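Please take a moment with the sequence and the structure shown here before reading on. The report then moves from the chain as a whole to individual residues.

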Amino acid sequence: MQTILLCVILSMLVSIVFGQWYMWQASKLLTMQLKEVEKVTTGVIDEIKRKLGIH
């Protein structure tokens, strides 16, 4: 009986840790992508401003 309980607790802990790590990785990736998008967007806006003669 106790071994089953121990296995359940252990698997829950593992899934929590893995879930946290996965979320952290995903948010890190998302942040990187957002920064990339931001860089591209600012580049495009600057280009448009330059073409229109706005500085």
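What follows describes a predicted model, beginning with the overall form of the chain.

## Overall form

The chain has one helix and zero strands. Its radius of gyration is 23 Å, well over the 10 Å that the globule rule gives for 55 residues, so the chain is more spread out than a compact globule.

## Surface and charge

Of the 55 residues in the chain, 0% count as buried. The accessible surface comes to about 5500 Å², and 74% of that area belongs to carbon and sulfur atoms.

As for charge, the chain carries 6 positive and 4 negative side chains, with the centres of these two sets lying 3 Å apart.

## A nonpolar patch

Val 40, Val 44, Ile 48, Leu 52 and Ile 54 together make a nonpolar surface patch of about 480 Å². One of these residues, Ile 54, is found in the segment after helix H1, which covers 2–52.

## A position within the helix

Thr 41 has its place in helix H1, and at 38% relative accessibility Thr 41 also counts as partly exposed. Between Thr 41 and Ser 27, which are 14 residues apart along the chain, the C-alpha atoms are separated by 21 Å.

Conventions
Residues numbered from 1 in each chain as written. Predicted model: local features only at pLDDT ≥ 70, side-chain atom pairs only at ≥ 80, totals over all residues. Heavy atoms only, no water. Patch = residues over 30% accessible without salt bridge, like charges linked within 9 Å, V, L, I, M, F, W, Y side chains within 5 Å. Areas by Shrake-Rupley, 256 points an atom, 1.4 Å probe, with all protein chains shown as cover. Salt bridge = Lys/Arg side-chain N within 4 Å of Asp/Glu carboxyl O. Helix = DSSP H or I, 4+ residues; strand = E, 2+ residues; numbered from the N terminus. Rg over C-alpha atoms; globule rule 2.2 N^0.38 Å. Buried < 20%, exposed > 50% of the residue type's maximum accessible area, 1.4 Å probe, protein only. Lys, Arg positive; Asp, Glu negative; His and termini not counted. Charge placed at Lys NZ, Arg CZ, Asp CG, Glu CD.
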